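Colleague: I am new to this model. Please walk me through it, one feature at a time.

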Amino acid sequence: MMPPLRYRILAVIGALVVGLDQWSKQVIVGSFDLYQSLTVVENFFHITYVRNRGAAFGMLADSPLRVPFFIGVTLVACGIIVGYLHRLADDRKLAATALALIFGGAIGNLIDRVSLGEVIDFIDVHWYQHHWPAFNIADSAICVGVGLLLLDMWRHDRKGARETKEEGS
């Protein structure tokens, strides 16, 4: 018997995100020195090899509990994702895709935290001297997944409200 589609989506997309994330980080580590940068689009986009000991914007970077904290939070988040996916209706493919992106991104960064104690980042987006913090494929997957999940929730709520209204008419 084949597992439900939502679990296959999690397995395939999660594995693709983790694989692409880890592959891209190995390419960066093998091709760049730490802090080396390559201009892709002048005053907008560089590939810059950095390591982030903290969370977004370097939060908690100097805390001695940062590694166990981030590992614990990631494991709890992954458990919540799997639990939510388990209760998800089979027709919610967008939500399953979103959860798979978030899950894969979380695992990609977890691998770095467990093996290195920090995360490899290299995507440097900026407007002239105004830089967004560097990020990676895993971070991108998490952000896209959250956006898709919000979109799915909005669509699902609208559909439910429309059906409730039609039943009341």
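**Reading the fold**

Modeller: Of the 169 residues in the protein chain, 36% count as buried. Keep in mind that the model is predicted.

Colleague: How many helices and strands does the protein chain have?

Modeller: The protein chain has 4 helices and 4 strands. Along the sequence they follow the pattern α-β-β-α-α-β-β-α. The C-alpha trace spans about 65 × 35 × 30 Å along its principal axes.

Colleague: What share of contacts between residues at least 6 apart in sequence join residues at least 24 apart?

Modeller: In this chain the share is 65%.

Colleague: Let's take a helix. How many residues does helix H1 have, and how far does H1 reach?

Modeller: H1 covers residues 5-31, which is 27 residues. From first C-alpha to last, H1 reaches 38 Å, close to the expected 39 Å.

Colleague: How do I read which way its residues point?

Modeller: Start with the general idea. An α-helix has 3.6 residues a turn, so residues three or four places apart point the same way. Now the case here. The buried residues of H1 are Arg6, Ile9, Leu10, Gly14, Val17, Val18, Asp21, Gln22, Ser24, Lys25 and Ile28.

Colleague: Next, the nonpolar core. Which residues have the most contacts inside the largest one?

Modeller: A core is read as buried nonpolar residues joined through their side chains. The largest core here has 15 residues, and Leu85, Leu88, Leu99 and Leu149 have the most contacts inside it. The elements giving two or more residues to this core are H1, H2 and helix H3 (93-116). H3 gives the most, with 8 residues.

Colleague: Which residues is leucine 85 in contact with, leaving aside its neighbours within four places in sequence?

Modeller: Leucine 85 is in contact with Arg6, Tyr7, Leu10, Ala96 and Leu99, once those neighbours are set aside.

Colleague: Now charges. How many salt bridges are there?

Modeller: Look for a side-chain nitrogen of Lys or Arg within 4 Å of a carboxyl oxygen of Asp or Glu. By this rule there are 5 salt bridges. One of them joins the side chains of aspartate 90 and arginine 6, at 2.3 Å from N to O. Aspartate 90 sits in the loop between H2 and H3, and arginine 6 in helix H1, so the pair ties together parts 84 residues apart in sequence.

Colleague: Are aspartate 90 and arginine 6 buried or partly exposed?

Modeller: Use the cut-off: buried means under 20% relative accessible area. Arginine 6 counts as buried because its relative accessibility is 12%. Aspartate 90 has a relative accessible area of 48%, so aspartate 90 is partly exposed.

Colleague: What does lysine 25 meet in a salt bridge?

Modeller: The side chain of lysine 25 meets that of aspartate 112, at 2.8 Å from N to O. Lysine 25 lies in helix H1 and aspartate 112 in helix H3, so this pair ties together parts 87 residues apart in sequence. Lysine 25 and aspartate 112 are both buried.

Colleague: And where is glutamate 118?

Modeller: Glutamate 118 is in the loop between H3 and S3. Glutamate 118 counts as buried because its relative accessibility is 15%. Its side chain forms a salt bridge with that of arginine 51, at 3.3 Å from N to O. This pair links distant parts of the chain, 67 residues apart, with arginine 51 in strand S2 (residues 45-52). At 29% relative accessibility, arginine 51 is partly exposed. Salt bridges that share partners also join Asp21, Lys25 and Asp112 into one network.

Colleague: Which side chain of opposite charge is nearest to arginine 66?

Modeller: The nearest is glutamate 118, 5.7 Å away. A salt bridge needs the atoms within 4 Å. Arginine 66 is buried yet has no salt bridge. Its place is in helix H2 (residues 66-87). A polar atom of its side chain lies 2.5 Å from the backbone oxygen of glycine 117.

Colleague: One last residue. How far apart are serine 140 and aspartate 21 in sequence and in space?

Modeller: They are 119 residues apart in sequence and 9.6 Å apart in space, C-alpha to C-alpha. Serine 140 lies in helix H4 (residues 137-168). Its relative accessibility is 24%, so serine 140 counts as partly exposed. Leaving aside neighbours within four places in sequence, serine 140 is in contact with Ile123 and Phe135.

Technical notes: Residues are numbered from 1 along each chain as its sequence is written. This is a predicted model: local features need pLDDT of at least 70, side-chain atom pairs count only at pLDDT 80 or more; totals for chains, interfaces and linings use all residues. Side-chain values use heavy atoms; hydrogens and water are left out. The expected span of a helix is 1.5 Å times one less than its number of residues. Buried means under 20% relative accessible area, exposed over 50%, partly exposed in between (1.4 Å probe, protein chains only). Lys and Arg count as positive and Asp and Glu as negative; His and the chain ends are not counted. A polar contact is a pair of N or O atoms within 3.5 Å; within protein, one must be able to donate a hydrogen and the other to accept it, and residues adjacent in sequence count only if both atoms are side-chain atoms. A nonpolar core is a set of buried Ala, Val, Leu, Ile, Met, Phe, Trp, Tyr and Cys residues joined through side-chain atoms within 4.5 Å. Contact means heavy atoms within 4.5 Å.
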